Amino acid sequence: MSTLAVVVLNWNGLADTRALLPTLAACRLPPGWTLETIVVDNGSTDGSAAAIAAEFPEVAVLPLAENRRFAAGNNHGLRHALARGADAVMLLNNDTRADPGLLEKLLMALDEDSAAGAAGPLIYHGAPSRRIWYAGGALAPALGWSSHRGVRTLDHGQYRSLERTGYLTGCCLLARRAAWERVGLLDESYYIYAEDADWCLRARAAGLHLLFVPTARLWHEVSASSGAASPWKIYHRLRANAALFARHARGIGRLTWLPCFVAWQSALMGWLLLRGHAAAAMAVPRALADALAKRPAREAMP
């Protein structure tokens with residue numbers, strides 16, 4: 001038998017994790033596969049770890065003493081899964097709900113493409129929405145650009161083909177054991193954001209393909225406008241992406257990424273100002289200045 005381990009990171013998110021786990025347990029698996037669910041509790045103070053362990057005895061709960069953020073928290077679960085011999089490991093946000101075919105479709109897609117290292121599903125905004133959050137991704141370091149395809153559009157069947165994609169979101173990323181061992185774990189030097197994109201670029205550099213599997217479906221419990229005008233998110237996403245592109249740009253891209261990136265961020269700043277989000281707009285030049293000066297990321301926005 002082969003084992004798929006699913007790592008769910010929880011931080012003061014008992015209600016979300018409690019809602020996710022039954023949908024995960026209801027997922028089908030291909031013949032010869034078993035499921036191991038691992039919840040890493042990232043230093044919660046809401047009693048999450050004890051409640052999850054009591055309500056879901058089949059789930060392995062790994063409590064951490066403090067919030068180690070996305071990369072380190074998930075890496076704790078990844079190391080546990082790989083040490084126990086998992087044949088594939090999936091990272092899954094706790095604020096999601098799984099379609100019964102999610103795991104089966106992703107594993108089958110990987111089995112069909114020997115050159116593929118990882119796969120991700122079609123992701124909608126919160127159930128029962130048909131509004132798309134992720135339908136594949138574009139990632140071009142030389143242009144200082146990354147984006148979700150299809151974001152905020154309604155699903156009317158436009159994405160139905162299994163295909164290779166530029167990057168997979170860490171909201172739901174399933175990779176073979178060999179891929180985790182070849183590429184490595186998530187890079188914990190990122191304060192927050194871009195850890196998944198960094199892993200995908202390393203996977204691509206290692207010769208692995210990334211698959212978008214639209215028959216595998218997931219719902220992500222965020223609204224279509226969630227975080228659009230959050231100064232904190234804008235600041236940290238910009239800082240993370242600046243580090244990402246500086247690290248991965250190659251050749252002429254070492255000269256082009258920064259001016260392109262500044263242009264994209266200037267357009268974002270203008271868009272925010274036009275909509276009256278001055279605080280969010282001001283996070284853009286603050287983040288750019290801090291990134292260029294190589295100042296540490298800020299825990300909280302001033």
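In this predicted model, Leu143 is found in the loop between strand S8 (137-140) and S9. Leu143 is partly exposed, at 46% relative accessibility. Together with Trp145 and Trp264, Leu143 makes a nonpolar surface patch of about 300 Å². Trp145 is likewise partly exposed, with a relative accessible area of 34%. For Trp264 the value is 40%, also partly exposed.

Aromatic contacts were examined next. The structure holds eight aromatic pairs. One of them joins Trp145 and Trp264. Their ring centres lie 4.5 Å apart and their planes meet at 45 degrees, so the pair is tilted. Trp145 belongs to strand S9 (residues 145-148) and Trp264 to helix H8 (residues 253-274). The pair therefore ties together parts that are 119 residues apart in sequence.

Trp257 and Phe261 form a tilted pair, 6.0 Å centre to centre with 50 degrees between the planes. Both residues lie in helix H8, four residues apart, about one turn of the helix. Trp257 and Phe261 are both buried. Elsewhere, ring pairs link Tyr134, Tyr167 and Phe212 into a cluster. The ring of Tyr193 has a charge over it: the charged end of Arg237 sits 4.1 Å from the ring centre.

Side chains of opposite charge can pair when their charged atoms come close. The count comes to 15 salt bridges. Among them is the bridge between Asp16 and Arg97, with the closest N and O atoms 3.5 Å apart. This pair links distant parts of the chain, from Asp16 in helix H1 (residues 14-25) to Arg97 in strand S5 (residues 96-98), 81 residues apart. Asp16 is partly exposed at 28% relative accessibility, whereas Arg97 is buried at 17%.

Arg84 and Glu36 meet in a salt bridge of 2.9 Å, N to O. This pair, too, links distant parts of the chain, 48 residues apart. Arg84 lies in the loop between helix H3 (69-83) and strand S4 (88-93), and Glu36 in strand S2 (residues 33-42). Arg84 is exposed, with a relative accessible area of 57%. Glu36 is buried, at 15% relative accessibility.

A further salt bridge joins Asp113 and Arg164, whose closest N and O atoms are 3.4 Å apart. Asp113 is in the loop between helix H4 (102-112) and strand S6 (116-125), and Arg164 is in strand S10 (residues 163-164), 51 residues apart. Asp113 is buried, with a relative accessible area of 15%. Finally, a network of salt bridges links Asp187, Asp198, Arg202 and Arg247.

Methods: Residues are numbered from 1 along each chain as its sequence is written. This is a predicted model: local features need pLDDT of at least 70, side-chain atom pairs count only at pLDDT 80 or more; totals for chains, interfaces and linings use all residues. Side-chain values use heavy atoms; hydrogens and water are left out. Rings of Phe, Tyr and Trp (its six-membered ring) pair if their centres lie within 6.5 Å; planes under 30 degrees apart count as stacked, over 60 as edge-to-face and the rest as tilted. Helices (H or I, at least four residues) and strands (E, at least two) are DSSP runs, numbered from the N terminus. Buried means under 20% relative accessible area, exposed over 50%, partly exposed in between (1.4 Å probe, protein chains only). A charge sits over a ring if NZ of Lys or CZ of Arg is within 6 Å of the ring centre and within 35 degrees of the ring normal. Patches are made of residues with over 30% relative accessible area and no salt bridge: like charges are joined within 9 Å, nonpolar side chains (Val, Leu, Ile, Met, Phe, Trp, Tyr) within 5 Å. Accessible areas come from the Shrake-Rupley method with a 1.4 Å probe; for residues, only the protein chains shown count as cover. A salt bridge is a side-chain nitrogen of Lys or Arg within 4 Å of a carboxyl oxygen of Asp or Glu.
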